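Here are my notes on the model you sent over. They go point by point, with cut-offs given where a term comes up.

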Amino acid sequence: MKQQIELKLGRAMASVAVPEWLNKSDNAWQMLSATLVALQGFPGLALFYAGAVTRKCALTSAFMALYAMAATMPCWALWAHNMAFGHRLLPFVGRPAPALAQDYMLTQALLPSTLHLHSNGEVETAAVAPLYPSASMVFFQWAFAGVTVGLVAGAVLGRMSVKAWMAFVPLWTTLSYTVGAYSIWGGGFLFHWGVMDYSGGYVVHLAAGVSGYTAAYWVGPRRTEEEEMTMAGGGNLVAMVAGAGILWMGWTGFNGGDPFSANTDSSVAVLNTHICATTSILAWVCCDIAVRGRPSVVGAVQGMITGLVCITPAAGLVQGWAALLMGVASGTLPCYTMNAAMSFKVDDTLGILHTHAVSGVLGGVLTGVFAHPTLCDMFLPVTGSRGLVYGVRAGGVQVLKQVAAALFVAAWNVAATSIILVVVRAFVPLRMTEDELLAGDIAVHGEQAYYFSSGTNCSLSHETIEVGNS
C-alpha cells in the first residue's frame, strides 16, 4: 500500500515537472542556445574588447562587457522582459511586469501580442507558444538583451566613465532595447506589418551600432595617441581573436535558437550563418590584399563579424546560395564604408557603426530581396510573405517595409540614447578624468591586466605594434 502511494505521488510530481505540453528536445535546445548567446557577451565580448584596445584599457573594457550582462538580468526579470514580449501597452512596447513568480516561470511560454489576425478579424497566425516553460524564454531573451547593450560599449571603449556606463546599461535596456524587441519580435506594429528580422539584424545590431555611434558623439573622442594605437592593432590580438572565436561559434545559438524549436528551420539558420560568415571573411581578406597588398588578421575578424551580422535577419528565411551572396556583400560594402569614414569626427572605437549598423541594414534589405516563401511561412506571422526575387510586387513592398523598419529603429535609438546620456550627464560625467585617461585601469579599478617591470610603459609602443604587424 505504501509503495502504491509513493508511486502515485511520484507520478504526480513528474506530471508537474514534465507536463504534457513540454517538448524536452525543444527545451534543451533553447537553454543551450541561450547559453551560447550568453557566452558571446561574456567572456566573448570581454576578451574581444580587452584584446582590441591598448593594454592599459584592457581591464576596463572587459569589465564593461561583464557589467552589461550582469546589470541587464535584474532589469529583464523585473520589468523589461514583459515590455519586450508581454501584453501590449502601446504599438511599440509592452506592459512592464515581473517575470519572477513560480506560476509564471513554470507555465508554457507565450508571447500574447503575437496573435496575428486577418483584416476581417479571423486568426491568420496563432500567438507564439513554444513547447517549453516561460523560464527558458526569459533566459534566452535576456542573453540577447545583455549582448546588445554590450555591443554598444564597443564604440566608447577607452574613455567612457565606468560610473556613467553603470547608469547607462539599465536605462538603455529599458527605454531602447525593449522598444525594438517588442515592435519587431514581440507583437508590435512592425511585427504585424510583416517586417522580417529573423534573429536581430535590426533589434540587436542596427540598434547597437546606431546607439554606440550616438554615445561616441556625446562622450567625445579618445586621446589622439590611444586612437592611433588601437587603429594599429590593439594590445593583444591573440585575445581579440579568441574572443572573436567565441562570438562566431556562439552565433550558432544566436540564430539557431530563434525558431523557438529544434526544427528544420533552425538547421537552415545555423548552416546559413556559417556560410555567410566564412564567405564574408574571404571577401574582406581579398579586399585587404587588393588595397594593402597583404591580409590582415583584424580585417578577417571584421569580415567575420559583418558576415554574421548580415545573415542574422535572414538566417532561416533564405536559401544557401543567397547566404553566399550576402557573405560577399557583407565582406565588401562595410569594408568600404569603414575605410571611407576614417575622416569622420565621431570616434567610434571599434567601428561598430559599420560592422553592426551598416551590416544589419544591408542584411535586412537583402532579406527583403532573397526571402523564400516556404521558409517565410515557417516563421513569419504574415502568410504569403516573400522576397523580391520570388515576386516583384510583393517582394518590392517587402523591401520598402525593411527600409522603413530600419529608419524607425535607427531614429528611436538615436533619440533614446541621446536623452539617456543627457540625463546621466546631469549626475555623472560621461568621460573619464584626465588622470584616468592617462593611467588607465590602475586609476579606474586599482587593478590592471598586465604588469610590467619598472620603467616600462603600460601600453604598447608604436614600434612594438609596427613590428607585430609587419
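1. Areas are Shrake-Rupley values with a 1.4 Å probe, and for residues only the protein chains shown count as cover. Trp79 sits in helix α3, residues 58–85. Its relative accessibility is 31%, so Trp79 counts as partly exposed; the scale is buried under 20%, exposed over 50% and partly exposed in between, with a 1.4 Å probe and protein chains only.

2. Before going further, some housekeeping. This is a predicted model, where local features need pLDDT of at least 70 and side-chain atom pairs count only at pLDDT 80 or more, while totals for chains, interfaces and linings use all residues. Numbering runs from 1 along each chain as its sequence is written, and side-chain values use heavy atoms, with hydrogens and water left out.

3. Now the whole chain. It has 20 helices and 4 strands, which are DSSP runs numbered from the N terminus (helices H or I, at least four residues; strands E, at least two). Of its 470 residues, 55% count as buried. The chain exposes about 19300 Å², and carbon and sulfur atoms supply 68% of that. Among contacts (heavy atoms within 4.5 Å) with a separation of 6 or more, 78% come from residues 24 or more positions apart.

4. What does Ser33 touch, leaving out residues up to four places away in sequence? Phe140, Gly253, Gly256 and Gly257. Ser33 is found in helix α2, residues 24–52, and counts as buried because its relative accessibility is 0%.

5. On to charges. Side chains of opposite charge can pair when their charged atoms come close. The structure holds 2 salt bridges, each a side-chain nitrogen of Lys or Arg within 4 Å of a carboxyl oxygen of Asp or Glu. In one of them, Asp347 meets Arg222 at 2.6 Å, N to O. That pair links distant parts of the chain, 125 residues apart: Asp347 is in the loop between α14 (333–340) and α15 (352–370), and Arg222 in the loop between α8 (201–219) and α9 (224–232). Asp347 is at 5% relative accessibility, so it counts as buried. Arg222 is buried too, with a relative accessible area of 7%.

6. The salt bridge between Arg292 and Asp288 has its closest N and O atoms 2.7 Å apart. Arg292 and Asp288 both lie in helix α11 (residues 264–292), 4 residues apart, about one turn of the helix. How accessible is Arg292? It counts as partly exposed because its relative accessibility is 49%, whereas Asp288 is buried at 2%.

7. Cysteines: a disulfide needs a pair of cysteine sulfur atoms within 2.5 Å, and by this rule the count comes to 0. Cys286 is in no disulfide, and the nearest cysteine sulfur, that of Cys287, is 7.1 Å away. As for Cys57, that residue is buried, with a relative accessible area of 8%.

8. There are 18 aromatic pairs in the structure. Rings of Phe, Tyr and Trp (its six-membered ring) pair if their centres lie within 6.5 Å; planes under 30 degrees apart count as stacked, over 60 as edge-to-face and the rest as tilted. Trp165 and Phe168 are stacked, at 5.6 Å centre to centre with 25 degrees between the planes. Both lie in helix α6 (residues 162–186), 3 residues apart, about one turn of the helix, and both Trp165 and Phe168 are buried. The planes of Tyr217 and Trp218 stand at 80 degrees with ring centres 5.4 Å apart, so that pair is edge-to-face. Tyr217 counts as exposed at 56% relative accessibility, and Trp218 as partly exposed at 27%. Ring pairs also link Phe140, Phe144, Trp185, Trp251, Phe254 and Phe260 into a cluster.

9. Val297 is partly exposed, with a relative accessible area of 47%. Its C-alpha atom is separated by 8.5 Å from that of Val285, 12 residues apart along the chain.
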